Amino acid sequence: MIKNRTGKLMKNMFKAPLLAALVMLAATASARAQSIDETVNQIFASSTGWFVTLIFSNFPGTTFPWIVAWLVIGATVFTIYFGVIQFRAFPHAIALVKGDYSDPNDAGEVSHFQALATALSGTVGLGNIAGVAVAVGIGGPGATFWMILAGLMGMASKFTECTLGVKYRNEYADGTVSGGPMYYLTKGFEERGLPAGRILAVLFSIFCILGALGGGNMFQSNQAHAQLTNVVGEYPGWITGVIFAGIVFAVIIGGLKSIARVTEKVVPIMGVLYVLTAIVILLLNADQIGWALGQIFEGAFTGLGVAGGFVGALIQGFRRAAFSNEAGVGSAAIAHSAVRTKEPITEGFVSLLEPFIDTVVVCTMTALVIIITGQLISDPTTGLYLLNEGGTSIQTIDGNSGVALTSAAFSANIGGFQYILAIAVILFAFSTMISWSYYGLKAWTFLFGEGVTKEIIFKVIFCIFVVIGAAADLGPVIDFSDAAIFAMAVVNIIGLYFLMPVVKKELNSYMSRLKSGEIKKFH
Amino acid sequence: MSRKILLGYDESQSAKSAMAFAISLAKSEGAEVVVAHVLEWSPYSFLTPEELEERHKRRKEEIHRGETALLGPVKEEISKSGIAVSTVLKYGHVVETLCDIIEETGASQVVIGRTGHSSLSARLFGSVAGSLAQASPVPVTIVP
């Protein structure tokens, strides 16, 4: 068995340089006619445009995309239905993560903390660094307000989906588990005698694969490349792509778990370092905090001159929040379902911390640093923000956008921070890619069944998209990333509406047992 | 109730010496031996999604291996000497978990091998035997 596996690994090791050689060959061939970046870009923009248009079309006669309304309504419904569970259960969620309610005899199983940490390493990523910069760059400081609001509301969506993820997971005879929306859509709908669960599950899986390739992959390699060129100077995107693809290939196909393990350990440290740096910058500019908060509130309701006015700020805030914390999208339900617990609802409680940490804490830090360091240019007489030539986004000091804007904001106070940020971006991008390759793979095996060859096919496709992501322009990549992730939310939230009574029953039963003392603390 | 001696056991060479010492000690005192093996584990470590998925399966395998390959032979060898013996296998921080086991079993002393790991890491981070000697509620014998 071991020998067999080593043999396979050896074969894969030979395949890696072969793949790289093929890519190089393709690159030199097309470089004669046209640069490879441009070619990839054109093909990409023209082939995904219709999908993006469909997802982001506005309500007739307005500039309000229906998908944003869809997410907001979903989060509001769950917030009301579960009686502001995000605030009621917050202290209990922290007690669960600390392990106060964990049975010591279950030591060695997946703890609440581990499930949360793994899910977080998939969500805290470039969305928090680059995505927020995009939101604030287009929607102005006011986008921050809507982003925080969306984060708080999203906690209820996350609670609902992660409870269902654990409740309807598959536990196999060998002890492995598989969970996620595709399982609760099929099993949950069947249990409640509802039709079409299977169809929803298949749709979800298709969108999940696209989302894994888009937001979980191309957006990550794209922004990692942007940050790298920012530090070392311009060079073609496909080079970053091929290097990244090689490392991802080594981990997900070659089975080099050691790389993944190192990242898993370094990423949380980077996350803490990032937040601490942001706090230091805020303290250095303490006199500006009042002004920045004023800009956020004023911008939230007036727009302060941004494209689309306050609706523009709202849309940007909600979009970026959803893309960053993935509440309602269903991806986290896949990661959370491995926890060892007899009570599915406990993982729901724990998961509601995820949008809080991701959006309310980390994203807000990024936004505040960008605003407080004065990256956005406003007209001193009117106080309104100045737009660029196309009127699409706000002018910035050095014309930066995306991750470069965050980088400029952070290095404005702390010299050389762009180098630390570059490392953080690469690690965040990498850990998010690893998590999403897993989510995509779970959807893939749900559709096509399990099997080594089938899994390798998906993993190879995933690696190819790493290269495409790094070579494509930011615009089409972000649009497609968003579209794919939001498409997952369309299916998932329909499912959540039908299954939320199941969660309510679990919640009521657990709460009464917690009160009666039947569920006791171990520590 | 006879006195209990807790033997902290792993696959190291010094653990074997500790076992021999515990046997002779138990014989002379008419005590029984509790063999404990702790699998290093923190609920706050980070795992990849694949590791989460397989954790329950791996844990079962680890427990099985610990019981059959490690604790089984020890139990057999000690009972050959006519000493009453029982085993404990747990996950956790090694020293803390050993202290918990001492309290649970009511052992009156502990015998543990001085792990032969590189002296540099032992000097930097402290060894299990050394930390146990400091944290244990009962006397500790460290066997080289």
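Trainee: Which residues does A:Phe428 touch, leaving out those up to four places away in sequence?
Mentor: This is a predicted model. In it, A:Phe428 touches A:Val124, A:Gly125, A:Leu126, A:Ile129, A:Val267 and A:Met270.

Trainee: Which residues have the most contacts inside the largest nonpolar core?
Mentor: They are A:Val248, A:Val425 and A:Phe428, in a core of 173 residues.

Trainee: And which element gives the most to this core?
Mentor: That is α19(A), with 19 residues.

Trainee: What other core lies apart from it?
Mentor: Another one has 31 residues, and B:Ala18, B:Val33, B:Val111 and B:Val140 are among them. As background, nonpolar side chains in soluble globular proteins tend to be buried together.

Trainee: OK, chain B then. In what order do the 5 strands of the open sheet come?
Mentor: The order is β3-β2-β1-β4-β5, with parallel pairing.

Trainee: Which strands stand at the edges?
Mentor: In chain B, β3 (85-92) and β5 (140-143) do. Each has a single partner strand, so one side of each has no neighbour in the sheet.

Trainee: How many degrees does the twist average from one strand to the next?
Mentor: It averages 25°.

Trainee: How many bridges join β1 to β4 in chain B?
Mentor: There are 4 bridges between β1 (residues 4-8) and β4 (residues 109-113), and the two strands run parallel. Within that pair, B:Leu6 stands opposite B:Val110 of β4(B).

Trainee: Which strands does helix α3 of chain B lie across?
Mentor: Helix α3 (residues 94-105) lies across β1, β2 (32-40), β3 and β4 of chain B. Relative to β2(B), the helix runs at about 150°.

Trainee: Last one, helix α20 of chain A. What should its 20 residues span?
Mentor: At 1.5 Å a residue, residues 452-471 should span 28 Å. The end C-alpha atoms are 30 Å apart, which agrees.

Trainee: Which residues in α20(A) are buried?
Mentor: Among them are A:Phe458, A:Phe462, A:Cys463 and A:Phe465. The buried residues also include A:Val466, A:Val467, A:Ile468, A:Gly469, A:Ala470 and A:Ala471.

Key: Residues are numbered from 1 along each chain as its sequence is written. Chains are lettered from A and ligands numbered from 1 in the order in which they are written. This is a predicted model: local features need pLDDT of at least 70, side-chain atom pairs count only at pLDDT 80 or more; totals for chains, interfaces and linings use all residues. The expected span of a helix is 1.5 Å times one less than its number of residues. A residue is buried if 20 or more other C-beta atoms lie within 10 Å of its own, exposed if 12 or fewer, and partly exposed in between; C-beta atoms are placed from the backbone. Two strands pair if DSSP finds at least two bridges between them. Axes are lines fitted to C-alpha atoms, for helices over the stretch in contact, and angles run from 0 to 180 degrees between N-to-C directions. Two residues are in contact if their C-beta atoms, placed from the backbone, lie within 7 Å. A nonpolar core is a set of buried Ala, Val, Leu, Ile, Met, Phe, Trp, Tyr and Cys residues joined through C-beta atoms within 7 Å.
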